[in-house]
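Here are my notes on the side-chain contacts, point by point. Have the viewer open while you read.

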Amino acid sequence: MVGTGLIFGFYGCKTKNDKMRYPVAVKQEVTDDYFGVAVSDPYRWMEDDTSERVAEWVEAENSVTQAYLSKIPFREQLKQRLTDLTNYEKIGTPFRKHGKYYYYKNDGLQNQSVLYVKKTLDGESLVVLDPNQLSDDGTVALSGLSFSNDGRYLAYTISRSGSDWREIYVMDLTTKQLTQDHIQWAKFTGAEWQKDGFYYSAYDAPEKGKEFSNMNENHKIYYHKLGTGQNEDVLIYENKKYPKRFYTAWVNDDETLLFVFESGEGRGNNLFMKDLREPSSVFTPLTEDFEYEYTPSEVIGEDIYFYTNYGAPKYRLMKATTGRPQLKDWKDIVPESVNVLNSVSFIGGKMILSYTEDASERAYVYSLDGKREQEIAFPTFGSVTFSGEKDDKETFYLFTSFLFPGTIYKYDIDNNKSEKHLAPEVKFNAGNFVTEQIFYTSKDGTKIPMFITYKKGLRRDGRNPVYLYGYGGFNISLPPSFSTWRIPFLESGGIYVQVNLRGGGEYGEEWHIAGTKMQKQHVFDDFIAAAEYLIKENYTVNEKICIAGGSNGGLLVGAVVNQRPELFGVALPAVGVMDMLRYHKFTIGWNWASDYGTSEDSREMFEYLHGYSPLHTIKNDGTPYPAILVTTADHDDRVVPAHSFKYTAALQAAHTGDAPKLIRIETKAGHGAGKPISKIIEEYTDVYSFAMYNLGMDPGFPNEISK
């Protein structure tokens, strides 16, 4: 056995005339056999992320990183600018429940947004729930709400320190007091009310010390009756034959039907239904495969509306009856279109369907029998979310784009008229900037869309700094959206570029599949081609390009840096999947096999994964790499931090040139959701100061803001 202590040494790395001193992680002799191929895993010990030696390494790495960042001359000014930009009143889209209006509001720099209620739109606002009171440091976040159908109770879920684990509490809305009900070890679930209780999904309590790393198995659905202990909850559904599958419940508003989603096997889900009006009824399987998505959108009387990509890669809306609910009896209501149907809302006796057209959203009003009646006009290309119930006479929607902060509109369906309800006051002048969408050609000839945002009057002199962002996976689209974090970069002459890579959902399931498993290289090729296009068109030059992505996007960044290190000046892989041979062995990693495949599937699949895995393809021959700042968090139980730990240790031990290779490890935080605003400001300060410094930018803070 090799020693376990940490030592420090020099790799001879220099930047800005300072020598980089990295903590040297001990290597162990650990080897795995994959179809007769021996693969070394010297940092396997880092997978035990609660051990003392990992804690020592984390502390040492954070110390080195903060020492480096503290020397960036404009870091504090950038933090102040980001704080000023974030300090504006943020109000969420109102939603009606039982005759009252609920909404979230953040005064500006509150760590978590507060839930309010008022009787009328212009009435007095009262606090319902303030998550900032749930912890001293803002690390307890509100993650979901569910109102009982009689309007008396509110079940809400919380997350601690960014974990995927959920706890469920119940508030009596008449008294604003908590009941004795408390659910623990719930995951990937909300609370689905029926009568005097609710359904939820949970796992058995995990082994102590392994809560954030051990594989999650045996997901179960329970029914909790108010006033009883969790140990008395009734097991409603489980499938012991398939311990790695997910099971979640959904109940329609009239509480007549209980649907169960079964997922985790393929790209889609199975669907079961139980008639709650018949006490002796059993679950009826409606589908029998995992290749397609099947989602009940609404139940109106005896009609069930289903959103699905079954036989429709760009999705369609179908309908069945409660008496004949099996897939074979579903009928088209709105057939597949040339654009991707991405959401369906039932509001005011109508349907509002949102479509994605070239990565931007458009919305239309339909009758319940599927006839298109009108389009809802938006200010520019962007993304939209609707709020409303099937019986509401009014609806609201939130619209946003790169230069358009999230603005709430009140929409009159009958007259097809939108009225601005609330617009935020962000301290920057959007009129000084412009966004354009272009289409470029990837390696195999495929046309890829991307959005480019920059300051007006930009000169294409080949020297502009670029922040290139992508994702490319799991059928997830990247529509236009607004973020205050990008503004200082744009104000300082930078260009923000967002690419819609294959693997995403922008053009439907075929676009998604084109970036999965043995076609994953398409995603990397698309991203590389984006950088090459920007250089060719004289927007920038390679050393001025910063690439960034999180989670699957972190994998993207790690992979393309190894494939084309000379093409980029800075790389920011966040909470990335970096060990493609072992990702499926932690928490819910096995669920990603539908996109990635696993190293156990076949020799061919193993070799493909091994050929691009960021951890295993780091060059060690002196090839200069860009400046790299890895980011992760200690409570990330989605993509466990061991991915980033092992990747960073290997990167720092390799001969990759003089640019810094650092890691920033957040404490009491997870994959990203629910992070308090104070931690977000600190993180973006560090990430953007690192990027701008290594791109050679001189921001000249404070910037003059045009009024």
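1. Start with R316 and D332: they form a salt bridge, with the closest N and O atoms 3.0 Å apart. R316 belongs to strand β24 (residues 316–321) and D332 to strand β25 (residues 331–334), so the link runs between distant parts of the chain, 16 residues apart. R316 is buried, at a relative accessible area of 14%, because anything under 20% gets that label. D332, with 37%, is partly exposed. Keep in mind that this is a predicted model.

2. Next, have a look at R96 and D392, whose side chains meet in a salt bridge at 3.6 Å, N to O. The two come from distant parts of the chain, 296 residues apart: R96 sits in strand β6 (residues 95–97), D392 in the loop between β30 (383–387) and β31 (395–401).

3. R502 is buried, with 4% relative accessibility, and D444 is partly exposed, with 43%.

4. There's also a network to click through: salt bridges with shared partners join D32, D41, R44, E47, D579, R582 and K646. The salt bridge count for the model comes to 44.

5. On to the rings, where the count is 54 aromatic pairs. One of them is W250 with F259, a tilted pair with 5.5 Å between centres and 35 degrees between planes. F259 is buried, at 0% relative accessibility. For F399 and F404, the centres are 5.5 Å apart and the planes stand at 80 degrees, so that pair is edge-to-face; the cut-off for this label is over 60 degrees. F399 is also at 0% relative accessibility and counts as buried.

6. Which residues make up the aromatic cluster? It is formed by F381, F402, F451, Y467, W485, F489, Y496, Y684 and Y688.

7. Last, two charges over rings. The charged end of R372 sits over the ring of Y364, 3.7 Å from the ring centre. K105 has its charged end over the ring of Y116, 5.1 Å from the centre.

Technical notes
Residues are numbered from 1 along each chain as its sequence is written. This is a predicted model: local features need pLDDT of at least 70, side-chain atom pairs count only at pLDDT 80 or more; totals for chains, interfaces and linings use all residues. Side-chain values use heavy atoms; hydrogens and water are left out. A salt bridge is a side-chain nitrogen of Lys or Arg within 4 Å of a carboxyl oxygen of Asp or Glu. Helices (H or I, at least four residues) and strands (E, at least two) are DSSP runs, numbered from the N terminus. Buried means under 20% relative accessible area, exposed over 50%, partly exposed in between (1.4 Å probe, protein chains only). Rings of Phe, Tyr and Trp (its six-membered ring) pair if their centres lie within 6.5 Å; planes under 30 degrees apart count as stacked, over 60 as edge-to-face and the rest as tilted. A charge sits over a ring if NZ of Lys or CZ of Arg is within 6 Å of the ring centre and within 35 degrees of the ring normal.
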